[in-house]
Amino acid sequence: MKKRVLSFLTAAVMTTAMILSGCSGSQTAATTAAPAATETKAETTEAAKTEAATTTAAPAEKKEIVVGFSQVGAESDWRTANTESMKSTFTEANGYKLIFDDAQQKQENQLKAVRNFIQQDVDYIVIAPVTETGWDTVLQEAKDAGIPVIIVDRMINVSDDSLYTAWVGSNFLQEGYDAVAWLDDYLKKNNKADSDINIVTLQGTIGSSAQIGRTNGVEEKMKDHPKWKMLERQTGEFTQAKGQEVMESFLKTYKDINVVIAENDNMAFGAIDAIKAAGKTCGPKGDIIIISFDAVSAAFDSMIAGDMNVSVECNPLHGPRVAEIIQKLEKGEKVDKIAYVKEGVFPADTAAAEKPKRQY
Amino acid sequence: MKKREKIDGKVFLLIITILLFLVMYAAGLIIFKSKGFAKPQVFLNLFISNAGLIVIAAGMTMVMITGGIDISVGSIVALTCMMLAWMMEIKGMGAVPALVIVLIMGIVFGLVQGFLIAYLKIQPFIVTLAGMFFARGMTAIISQEMISIKNEMFLKWAKSKINLTFLGGTVNKKGVVNYSFIYPSVIIALIVLIGIFVLLKFTKFGRTIYAVGGNEQSALMMGLNVRRTKLLVYVINGFLCSLGGFLFALNTCAGFVEQAKGFEMEAIASAVIGGTLLTGGVGNVFGSLFGVLIKGTIETFITFQGTLSSWWTKITIAALLAFFIILQSLFAKAKEKH
């Protein structure tokens, strides 16, 4: 037995060595270790089975709640704040164990992660989905395994609503309404209510809930303002670089842009850079009005610096709200299917006062 | 030592790949023993999540054996998914005709690319680069928005679990008994794999492919039809791309522009890790299967570990690639000496 364990350990060490160094001298070791490895494979399967059986026999002993969280990626400051909120909520001190997976913007990675969560026998699966669709099969697998699924941020589109337990996130449509309402107010205050307003939009990643909600919200309310004209909408994929690129092309095509709506802060930063590079001005004292969404910390800096006019909040602090739902489910209580987080509108003139109060 | 000398380089590369997979999996069994890594389902999930990639890596292996490359595969997968979704959801077509059309689309795509490569002698990289942009562009032209597939028959295909009860069930914390399962996509992928294996190893056409990749000039002099062989390889590969795309769609149930980005690189990496030479003439589809499984195992490691950044998958694959390429060049050098 000792020998076997030893050869097993060598095998493990070799793998790491091979992976890390990529050296070509490991062939002999690999050859000798492998038969032992395959032998023990069967053994461990047995061992794991008995172990699984004993843990199920005494579930009361372990109070730790295991949560598997599949995150979209780390594409924006908002996303990072969202991840941090989860990580700081589901700590061991709070009685949780968090298994975190970054999907690198790919749905297929998320499907893999969720399948692995199921095999790891987690108590709850939390998904911040990359896409709205394609969840039927994997969520059915989770349901078959009896694991509740909580969706955060973007909404999903499945044939059967019972595939997920609850959804936590922002009301993107409302954010779109809020943006239009703010612009209307702002124009009235500046006596521009009757002038023609040319708008361009930097859309988020096409197909995401935030993009759909914000675009539709703005479009719907713009119908009340016949003097406003949407010159063009184009996606900046929620990134600063792409936002800047698209804004540059907008500035070349249109000479009279009055308002830029950026569907997240990062794209707004890119747009501001493009506007400055083109020799134009923006912000409360400039020519072009910048409306942004998310209201991350850097957006407040930008507003204080006088570059951005307003940012409509998209609260990323989902952790506590999700924990609230999990605690309810633990007690066997019913939960609401849809849970919105609180959100506000932050114009530039309040930025300096609000900034110290912000958590992200 | 005597025995090893008898094994030639190609087989040796394959053995290393398989051993590496076994060692990695065994390491996973030890490290994540308490987390349920030993469940048969963890192994089966490698196939479920990568069914499309297995098929596409098989096609890629074939192309690479001829000394070519195809970087359009990821875009063709995206185009296939989008066409399926669009035809079924927007045009209201049935799942079967939609499937037939995308498979024909794949064959036509392969035919055009193959013709340019084999008959007009344009670099495969350039031809398929154009193919890559074209297919991705077409995907966006069909729809920039994501289309969710809700066709009943398609979802039935996607969701019909095949329970492997003989592997035994495991009881989880919630007291639910879970049997191991696969989806029909896994069976299709394995059939394709075996089919391509047989084609390459046991048919005249297969041997011609190796001959063409090994040395095009001598293949010509032997009287082999190099151009037709190449064309056919790209046609089969085109078909496998759209079939792989169909399996991919069964997993994701959606058509979307951003889908399967970088898929071509994953297929090439899997083939190289599986012992296929970029210079052509050497390769084995089962090696590529293990290449895919190794990638899947690394991903599984990272989710089981739970705190590591998932970008480590890429870094590990990079290290493995370097390792195998060095190994290959050492073998090539050793061969020259003999």
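The paragraphs below go through the two domains and two sheets of chain A and then through helix packing in chain B.

This is a predicted model, in which local features need pLDDT of at least 70 and side-chain atom pairs count only at pLDDT 80 or more, while totals for chains, interfaces and linings use all residues. Residues are numbered from 1 along each chain as its sequence is written, and chains are lettered from A and ligands numbered from 1 in the order in which they are written.

Chain A is divided into domain 1, made up of 29-170 + 317-340, and domain 2, covering 172-314; these bounds come from an automatic or database domain assignment. Where the two meet, 10 residues of domain 1 of chain A are in contact with 16 residues of domain 2 of chain A, contact being counted when the C-beta atoms of two residues, placed from the backbone, lie within 7 Å. The side of domain 1 of chain A that touches domain 2 of chain A consists of 3 nonpolar, 3 polar and 4 charged residues, where Ala, Val, Leu, Ile, Met, Phe, Trp, Tyr, Cys and Pro count as nonpolar, Asp, Glu, Lys and Arg as charged, and the others, Gly among them, as polar.

Helices (H or I, at least four residues) and strands (E, at least two) are DSSP runs, numbered from the N terminus, and two strands pair if DSSP finds at least two bridges between them. One open sheet of chain A has 6 strands in the order β2-β1-β3-β4-β5-β11, with parallel pairing. Its edges are held by β2 (96-102) and β11 (338-340) of chain A, each with a single partner strand, so one side of each is left without a neighbour in the sheet. Neighbouring strands of this sheet are turned against each other by 20 degrees on average, direction ignored. Within it, β1 (residues 65-71) and β3 (residues 124-127) of chain A pair in the parallel sense over 4 bridges, and Phe69(A) stands opposite Val126(A) in β3(A).

A further open sheet of chain A also has 6 strands, in the order β7-β6-β8-β9-β10-β12, and here the pairing is mixed. Its edge strands are β7 (228-235) and β12 (345-347) of chain A, each pairing on one side only, and the twist averages 15 degrees from one strand to the next. Strands β6 (residues 197-203) and β8 (residues 259-262) of chain A run parallel and are joined by 4 bridges, with Thr201(A) opposite Ile261(A) in β8(A). Helix α6 (residues 172-189) of chain A lies across β6, β8, β9 (289-294), β10 (310-313) and β12 of chain A, running at about 150 degrees to β10(A); axes are lines fitted to C-alpha atoms, for helices over the stretch in contact, and angles run from 0 to 180 degrees between N-to-C directions.

In chain B, helices α4 (residues 73-90) and α6 (residues 124-142) pack at an angle of about 25 degrees, with their axes 8 Å apart. α4(B) and α6(B) are therefore roughly parallel to each other, on a scale where angles under 35 degrees count as roughly parallel, over 145 as roughly antiparallel, 65 to 115 as roughly perpendicular and the rest as oblique. The contact of α4(B) with α6(B) has 10 nonpolar, 2 polar and 1 charged residues.

The axes of α4(B) and helix α12 (residues 263-273) of chain B come within 6 Å and cross at roughly 130 degrees, and the two helices are therefore oblique to each other. Val73(B), Gly74(B) and Val77(B) of α4(B) make this contact with Phe263(B), Glu264(B) and Ala267(B) of α12(B).

Helices α8 (residues 184-202) and α11 (residues 226-252) of chain B have axes that come within 10 Å and cross at roughly 160 degrees, so α8(B) and α11(B) are roughly antiparallel to each other. Ser185(B), Ile188(B), Ala189(B) and Val192(B) in α8(B) meet Leu240(B), Leu243(B), Leu247(B), Leu250(B) and Asn251(B) in α11(B), and the residues of this contact divide into 7 nonpolar, 2 polar and no charged.
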